[in-house]
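Morning, everyone. I'll talk you through them.

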Amino acid sequence: MAKEQPPRREQAWISLQNRRTESNTKMRLTRCGKITLGVIITVAAAAIIGLIAHFIPYGKTSLYYHISFKVNDIDYNSKFEKPYSQEYLDLNKKIVSLINETFHGSKLRRQYVKSHVVQVSRAKGKVVIHAVLKFIFCHKNKAAKYRDRIETILHQKLNGETGSLHIDSPSFKFSDMKMTTAENLLNTCCGHRTITFSGNKIAGGTDAEKGEWPWQASLQQNNVHRCGATLISNNWLVTAAHCFIKDNNPRGWNVSFGLLLNDPQTQKKIKNIIIHEDYHYPAHEHDIAVVNLSSPILYTSDIRRVCLPEANYTVSPGSDVVVTGWGTSKSDGTIPNILQKAVVKIIDNKTCNKEEIYSGVITPGMLCAGFLKGKVDACQGDSGGPLVHADHNGIWFLVGIVSWGDECALPNKPGVYTQVAYYRDWIMSKTGI
């Protein structure tokens, strides 16, 4: 996993370089048998073709619906606005359990797929739930019939006292949703993934799986990977300022999403690049930038945003964190096609500032992660990419941005990252997130 070697005249900076890149009767019987078998095969084939002709026009189709309703016995709390807060998680679990129970006990239990609370708004001090529901049916031409059934079932269930919830029946609303809009909302929660991380600890990183790190992006020039970046909303990414030392014109850049560099899932152009005002190369302080996409990207199960930490978010020394990117496995190595992942540990700044490590150059806006024995580290091409940490609920937060280090995976030379929590207010001021 990567860093672009500096020109020879900049060799003095090699210890503090940025991580960037570039068989007569018998026979008759036998014949008869063959003819009979042939007829059977022909009839069977016709039947299969008939079934195909019957189902192809319909096929399995996904239908999505939006519902909203007020809950009279839950007071609104601003913490419901944060999808990683315990308050939101508890509320979402309660609502989803109610909807699951409603359809698992109905004739539509095989068609019901899932539901999710996508927003919690306020009405007269109480909460209004906005949820998206997904169903799969085999007959698209019967969508209207299914829609009426779903709405009826919900009306009957979400009526007054419902377990621990008191639903305001008149407030119930039901409407259809387009697939792209619905899938975007179903996957809008930050820090969630469709698969579970295996936790391998192998030098240089191991291959990631599809959808494992859905917020990872590749910053490219002329379709060549230069740096990593992290998706924090439909419109914004966070990366390292030093990625744009040679070119900060957004027209020269594009962003790629997906597991593979040579076969991206989708690509986007860039509208604007905002570099921290106090970043001055070759210094390493304030090595942070935000990138505004030219058009919003829609979330899917494989493209999701990471959660941004609050300004007071801390990760204890020794905690496991994960760094991902398309960086090389060693200095001056080749860039891999498949996204790499590696587990490293947080190293406190006091230790990292020891003379034999980084001799006092680690500032409060920096974060050290790796192993003092070396072997596992970010490397060339990983610059700007994410260092993430999972909280007790398994929700992933962006705690660091790959910034710099002394070569790759050397003893006493762990990776140095821009500490995201330290720059939380700056990110908010530039992106509104």
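This is a predicted model: local features need pLDDT of at least 70, side-chain atom pairs count only at pLDDT 80 or more; totals for chains, interfaces and linings use all residues.

How many strands does it have, and in what order? There are 5 strands, in the order 2-3-1-5-4, and the pairing is antiparallel. Now look at the edges. Strand 2, residues 112-123, and strand 4, residues 160-162, each have a single partner strand, so one side of each has no neighbour in the sheet. From one strand to the next, the twist averages 40°.

Stay with strand 4. Its antiparallel pairing with strand 5, residues 165-177, runs over 3 bridges.

Helix 3 covers residues 143-157. Which strands does helix 3 lie across? Strand 1 (61-75), strand 3 (126-137), strand 4 and strand 5. Against strand 5, helix 3 runs at about 170°.

Helix 3 also has a helix partner. A word on how we describe that. Two packed helices are described by the angle between their axes and the distance between the axes. Here the partner is helix 2, residues 86-104. The two axes come within 10 Å and cross at roughly 120°. Helix 2 and helix 3 are therefore oblique to each other. The crossing is right-handed. Which residues meet there? From helix 2, Leu98, Glu101, Thr102 and Phe103. From helix 3, Ile150, Ile153, Leu154 and Lys157.

Take one pair. Strand 10 and strand 11, residues 266-275, run antiparallel and are joined by 4 bridges. Within that pairing, valine 255 stands opposite lysine 268 of strand 11.

Now the cysteines. How many disulfides does a search of the whole structure find? It finds 4. Number the bonded cysteines in sequence order, and the pairing reads 1-4, 2-3, 5-6, 7-8.

The opening example is cysteine 190 with cysteine 307, S to S 1.9 Å. The angle about the S-S bond is 85°, and the link is right-handed. The pair ties distant parts of the chain, 117 residues apart. Cysteine 190 sits in the loop between helix 4 (179-186) and strand 6 (206-207). Cysteine 307 sits in the loop between strand 12 (289-293) and strand 13 (320-325). Buried or exposed? Cysteine 190 and cysteine 307 are both buried.

Next, cysteine 227 with cysteine 243. Their sulfur atoms are 2.2 Å apart. The torsion about that S-S bond is about -100°, so this disulfide is left-handed. The two residues are 16 apart in the chain. Cysteine 227 is in strand 8, residues 224-231, while cysteine 243 is in the loop between strand 9 (236-239) and strand 10 (254-257). Cysteine 227 has 0% relative accessibility, so it counts as buried. Cysteine 243 is buried too, with a relative accessible area of 0%.

Then cysteine 352 with cysteine 368, S to S 2.0 Å. The torsion there is about -90°, so this disulfide is left-handed. Cysteine 352 belongs to helix 5 (349-352), and cysteine 368 belongs to strand 15 (366-370). They are 16 residues apart. Cysteine 352 counts as buried, at 0% relative accessibility. Cysteine 368 is buried, also at 0% relative accessible area.

What about cysteine 189? It is in no disulfide. The nearest cysteine sulfur belongs to cysteine 190 and is 6.8 Å away. Why does cysteine 189 count as buried? Because its relative accessibility is 6%, and buried means under 20%. Contrast cysteine 138. Its relative accessibility is 34%, so it counts as partly exposed.

That's the tour. Questions, please.

Notes: Residues are numbered from 1 along each chain as its sequence is written. Side-chain values use heavy atoms; hydrogens and water are left out. Two strands pair if DSSP finds at least two bridges between them. Axes are lines fitted to C-alpha atoms, for helices over the stretch in contact, and angles run from 0 to 180 degrees between N-to-C directions. Contact means heavy atoms within 4.5 Å. A disulfide is a pair of cysteine sulfur atoms within 2.5 Å. Buried means under 20% relative accessible area, exposed over 50%, partly exposed in between (1.4 Å probe, protein chains only). Angles under 35 degrees count as roughly parallel, over 145 as roughly antiparallel, 65 to 115 as roughly perpendicular and the rest as oblique. A crossing is left-handed if the near helix is turned anticlockwise from the far one by less than a right angle, and right-handed if clockwise.
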